[in-house]
Amino acid sequence: GFMPTALGVLLIVLGIAIAGTAVVGSSDVEDEDNNLLPAHPQWFAWLCILAGPFLFILVGSVGGMAPATFACVFVSALGDRESTWKSSLILASVITIFGVLLFHYVLHIPMPVIGGRL
């Protein structure tokens, strides 16, 4: 029970530190409209990054850990302006292999690698 609690506290402190630097950093540069959104929001990037976890849940319940990880990383990587289909494919393949090895074979997470249950 100690490790998840310590990790949670560490992530909360890290999140507060990141939010604090964002607030302090943005006070130096005055926005003309003082909007929360940037002048030219990248809606496709936001959609891709937010769709990643949802795809993991949907594909994971039907296809298992490997297809879910691949779908999540591939779609999220497409949100980067500088990424290409090829670089996203390579990144998703490497992360899928590493994730399956780590979570299924080393940590023994009870999620099927291929094929799931709906």
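Reader: Does L107 count as buried, exposed or partly exposed, and how is that read?

Author: Buried means under 20% relative accessible area, exposed means over 50%, and partly exposed lies in between, with a 1.4 Å probe and protein chains only. L107 has 46% relative accessibility, so L107 counts as partly exposed. The model is predicted: local features need pLDDT of at least 70, side-chain atom pairs count only at pLDDT 80 or more, and totals for chains, interfaces and linings use all residues. Residues are numbered from 1 along each chain as its sequence is written, and side-chain values use heavy atoms, with hydrogens and water left out.

Reader: Where does L107 sit relative to the helices?

Author: Helices are DSSP runs of H or I with at least four residues, strands are runs of E with at least two, and numbering starts from the N terminus. L107 is in the segment after α4 (85-106). The protein has 4 helices and 0 strands.

Reader: Which residues form the nonpolar patch on the surface?

Author: Patches take residues with over 30% relative accessible area and no salt bridge; like charges are joined within 9 Å, and nonpolar side chains (Val, Leu, Ile, Met, Phe, Trp, Tyr) within 5 Å. A salt bridge is a side-chain nitrogen of Lys or Arg within 4 Å of a carboxyl oxygen of Asp or Glu. Accessible areas come from the Shrake-Rupley method with a 1.4 Å probe, and for residues only the protein chains shown count as cover. Here the patch consists of I97, L101, F103, Y105, V106, L107 and I109, together with about 690 Å² of accessible area.

Reader: Which residues make up the largest nonpolar core?

Author: In soluble globular proteins, nonpolar side chains tend to be buried together. A nonpolar core is a set of buried Ala, Val, Leu, Ile, Met, Phe, Trp, Tyr and Cys residues joined through side-chain atoms within 4.5 Å. The largest one has 6 residues: C48, V73, F74, V75, L78 and A92. Helix α3 supplies the largest share of this core, 3 residues. A second, separate core of 5 residues includes M65 and V100.

Reader: What does F74 touch beyond four places away in sequence?

Author: Contact means heavy atoms within 4.5 Å. F74 touches W85, S88, L89 and A92 on that count.

Reader: Is T69 buried or exposed?

Author: T69, in helix α3 (residues 65-77), is buried, because its relative accessible area is 13%. Leaving out residues up to four places away in sequence, T69 touches F56, I95 and T96.
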